[in-house]
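Have a look at the sequence and the structure before reading on.

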Amino acid sequence: MPWIRACSVDELDDGDALQIPTNPPVAVFRADGEFFALDDTCSHGQSSLADGYVEGDQVECAWHMAKFDLRTGAALTLPATKPVCTYRVKVDGDDVSVEVPDRV
Amino acid sequence: MRRSSCVIVGASAAGISAAVAMRRLDYRGRITVVDADPNPPYERPPLSKSLLDGTAGGLVPILPWSTYDDLEIDLRLGERVTAIDLGALQVRLGGGDRLDVDRLVLATGVTARRLTVPHADADNVVNLRDAADAWRLNSLLTRGGPLVVIGAGFIGLELAAVARQRGIDVTVVEAQPHPLAHVVGSEVASLVVDLHHGHGVRLITGATVERFVATGTTVEQVVLSTGRRIDAATVVVGVGVEPRTELAASARVDVDRWGFPVNEFGQTSRAWIFAAGDVASQAHPHLPARGRLEHWDVAQRHGEAVGSTVAGEPVRYREAPYAWSDQYTGTLQIVGRPRGTDQVVLRRGATPERFLAFWLRDGRVGAVAGMDASREIGVARRMVAANVLVDSDVLADAATDLRGLLKPRRTRTTEQLAG
């Protein structure tokens, strides 16, 4: 799986997220200074988790309020019952890179 | 002492959430969920949405099938609870079986109200409530239009959108002069109506069904109270719901016009009998008076709260109700209940396809609605919960980052949750 640059460190504030249009799309989150990458599409509905609300190390789906663990991708609450994939993230200087599933 | 035994009537969002919450809190007794619907417990929202768009597959299960075994939740599907035997502390099933019970959860939901005119039960008239209704409607829509939708509520408008996306001619008939105005106020309601007009939906307001013209068991025309006649290949009726309170007589619990009246823990007038979800009549802080909260998210959360209480960890259900409705490519989301006395603040730049509206109550956000604004709704929901004081000009400014209005008040949220 290739690494791609997602953004600069300053582009995302805490609680922010952005979607990388890979196949499948990946969401990159910043929470309490740390960066995380998950499948962007919620495992329950079809919402973009990058539109979700980040609190602590969890993200809440913007449509049906299922919560996922940003570290493990685990589904923490109904209506989601399946986890989402997580992807490796590295911060090199000012650059945040993600090991993405496919190609852009 | 015999093992504790909880029976949940209704494999609904409320019923299943209650069962899951009980196991999460280590409830050790038996849990049996009974439902007359033979299908494994499924999500109802897709019945009026993706299940009908011609692309999606079957029912969406609430839980993976194996989870019921893992959590030791017994399902009695395709069976009906006929009575509660208070003397024997047993639940009677239609097939003759009896289940011991010392905690009963009524999650029976609501049934779609039917029209009382002749031919209201014709082959091509659908009241959408369960999977069988959805499959029947899907096969009717496959034959093409025109479709006449009676009732411009959320279900009716969702179905109108689905049908238009399948290229079907759609007329929606609504008794009120302004559809949805009583739910989201006239400003937001007109945006939603404009969205439907833009997609070619014909909307007739201030009219009801006078009668159906039928050949055999098939309705061919809808005659309105105004005298107007509309050709119909399929008729969908979405004119409200009635609570399913049949078990009240044998359970000897109170019933009101809304359903089973419950306290903030979901207890009915009989302390070991609970009601959860649509069928519960609640005195909820977001309702101006006692009533039902007929939303899937509410059913799930109320069920969870009631399940916790049954398991011995009482939880009050007080969160702002949340509902969504898929309309074409956008999602309409509503947090809280707008009131006629609120100050409405529509964010600048609103279009039928994308808008965000706030209802201010004493300078605080009491309710929010958005179309294709889900990122903002997540924040706005917390603004409602935190009761933040806001300035209407700031809210109306599309450049305002709502999170900035929320963050300084976070400590208030915690206090409120604790209170």
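**Notes on the interfaces and cysteines**

1. Let's start inside chain B. Across the interface of domain 1 of chain B and domain 3 of chain B, one residue pair is in polar contact, with both residues at pLDDT 80 or more. (A polar contact is a pair of N or O atoms within 3.5 Å; within protein, one must be able to donate a hydrogen and the other to accept it, and residues adjacent in sequence count only if both atoms are side-chain atoms.) On the side of domain 1 of chain B that touches domain 3 of chain B, there are four nonpolar, two polar and three charged residues. (Ala, Val, Leu, Ile, Met, Phe, Trp, Tyr, Cys and Pro count as nonpolar, Asp, Glu, Lys and Arg as charged, and the others, Gly among them, as polar.)

2. A quick word on ground rules. This is a predicted model, where local features need pLDDT of at least 70 and side-chain atom pairs count only at pLDDT 80 or more, while totals for chains, interfaces and linings use all residues. Residues are numbered from 1 along each chain as its sequence is written, chains are lettered from A and ligands numbered from 1 in the order written, and side-chain values use heavy atoms, leaving out hydrogens and water.

3. Back to that domain pair: nine residues of domain 1 of chain B are in contact with six residues of domain 3 of chain B (contact means heavy atoms within 4.5 Å). The two bury about 480 Å² between them, 41% of it on carbon and sulfur atoms. (Buried area is the accessible area, with a 1.4 Å probe, that two parts lose on being put together, summed over both.)

4. Now for the two chains. Chain A brings 18 residues to the contact and chain B brings 24. Chain A and chain B bury about 1,800 Å² between them, 45% of it on carbon and sulfur atoms. In chain A, Y53(A), M65(A) and L78(A) lose the most area to chain B, together 35% of what that side buries.

5. How many salt bridges are there across the interface of chain A and chain B? The rule finds five (a side-chain nitrogen of Lys or Arg within 4 Å of a carboxyl oxygen of Asp or Glu). D16(A) and R403(B) meet in a salt bridge at 2.3 Å, N to O.

6. Finally, the whole structure has zero disulfides over all chains (cysteine sulfur atoms within 2.5 Å).
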